[in-house]
Amino acid sequence: METMTMPEQLKATTVDFLPLHGTDYVEFYVGNAKQAAHFYKTAFGFQSLAYAGPETGVKDKVSYVIRQNKLTFVLTTPLRINNEIADHIYKHGDGVKFLSLKVEDATDAWEQTTKRGGKSFLEPVTLKDDNGEVIMSGIHTYGETVHLFIERKNYNGIFMPGFVEWKSEYNPTDTGLQYVDHCVGNVGWNQMNPWVKFYEDVMGFRNILSFDDKDISTEYSALMSKVMSNGNGYVKFPINEPAEGKKKSQVEEYLDFYNGEGVQHVAIATKNIIETVQELKRRGIEFLKIPGSYYDTVLDRVGTIDEDLQPLRELGILIDRDDEGYLLQIFTKPLEDRPTLFFEIIQRKGAKSFGKGNFKALFESLEREQDLRGNL
Ligand code: FE2
């Protein structure tokens, strides 16, 4: 069953040894960053921000930085074979490599986490240019995913030393995407609790919500999930693992195609989900379909909401309520050919939870897609 432990836990007055100011950027390793950048600009409404590649002295890779409000993505592609990035893409397909976190002190963040058992990915390094300095460091998390700690308080350049401004005459309008609400990791059988412990011990996070396989199961398949949050709640990482069902769990399908653990979805906040989703659909983004019957009874479950039900029904936007308010959410289909990473679009109206009341409708929809791929 669901257990919610946030109120008591957050009352604890222990010092946060890893204060985080939120997500700094999400970096994807992709097969063709030029085309990916065009896709995210065109379909999701990002703007060109910065670039690094051969023209700026980087010989083995190219990175495009795109931004929308407080949401920054870096899309990186290798130029040669036999390197870590090329191997990553060969194994995982396009996916999230870095969940980079904004910190006050990247040296301290590295010291605090590695002394608690975090495995170092990058010792603190200072990058400088005419606009100041960025200090970054990093530790490994599940699979080949990495948390970078980014300290940019003494930097006022466009993105980071090593990057130049990417000026483009192609500037699609934004779609109202604001910031990363949460990022979900899929881990292997019996690996959820070890990773919960990692986030507790190494990063000082707390388990604020837990869902067992009875919460998250359909007739056929199941998963378990625990939501980890840092002290101020700016950074939330739910961790999923597959559970036994009659058929293959959606988490298992992900693990098969990603060839290991990794980021399942990035949830992005909007202030007006109806307008955002209408625009994303107009630009060709495909979302999971929810049966019309969901809307026949949803208001009995969630009570009165500010929005008209009709556009929510037409768009397939889901609604859930907790003690503090309600939320509206919708999930894209996978953004690659492999059934791996997808996005969630979420608008919170007080609720701090994750849409438990929608799990059944959502997972049945996911399973219909999984079945079409022959992987259920
Ligand atoms: Fe989510």
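User: How do you know whether the radius of gyration of this chain agrees with that of a compact globule?

Analyst: The model is a predicted one. For 376 residues, a compact globule would have a radius of gyration near 21 Å, and the chain has 20 Å, so the value agrees with that of a globule. Along the principal axes, the C-alpha atoms fill a box of roughly 60 × 50 × 40 Å.

User: What makes residues of the chain count as buried, and what percentage of the 376 residues do so?

Analyst: A residue is called buried when its relative accessible area is under 20%. By that criterion, 56% of the 376 residues are buried. The accessible surface of the chain comes to about 16500 Å², with 49% of it belonging to carbon and sulfur atoms.

User: Which secondary structure elements does the chain have, and how many?

Analyst: The chain has ten helices and 18 strands. Among contacts between residues at least 6 apart in sequence, 68% join residues at least 24 apart.

User: What makes His182, His265 and Glu344 donors of the iron ion?

Analyst: A donor must be an N, O or S atom within 2.8 Å of the metal. Along the chain, the donors follow the spacing H-x82-H-x78-E.

User: Why can the pair His182 and Glu344 be said to tie together parts of the chain?

Analyst: His182 belongs to strand E11 (residues 177–186) and Glu344 to strand E18 (residues 342–349), so the pair links parts that are 162 residues apart in sequence.

User: Where is Tyr254 found, and what makes it buried or exposed?

Analyst: Tyr254 lies in helix H6 (residues 250–258). With a relative accessible area of 2%, Tyr254 is buried, because buried requires a value under 20%.

User: How do you know which residues Tyr254 is in contact with?

Analyst: Contact means heavy atoms within 4.5 Å. Leaving aside neighbours within four places in sequence, the contacts of Tyr254 include Asn186, Gly260, Gln264, Pro339 and Leu341. Asn186 is 68 residues from Tyr254 along the chain, and the C-alpha atoms of the two are separated by 7.6 Å.

Technical notes: Residues are numbered from 1 along each chain as its sequence is written. This is a predicted model: local features need pLDDT of at least 70, side-chain atom pairs count only at pLDDT 80 or more; totals for chains, interfaces and linings use all residues. Side-chain values use heavy atoms; hydrogens and water are left out. Donors are N, O and S atoms within 2.8 Å of the metal (3.2 Å for Na, K and Ca); water is not among the atoms, so sites may look incomplete. Helices (H or I, at least four residues) and strands (E, at least two) are DSSP runs, numbered from the N terminus. The radius of gyration is taken over C-alpha atoms; the globule rule is 2.2 Å times the number of residues to the power 0.38. Buried means under 20% relative accessible area, exposed over 50%, partly exposed in between (1.4 Å probe, protein chains only). Accessible areas come from the Shrake-Rupley method with a 1.4 Å probe; for residues, only the protein chains shown count as cover.
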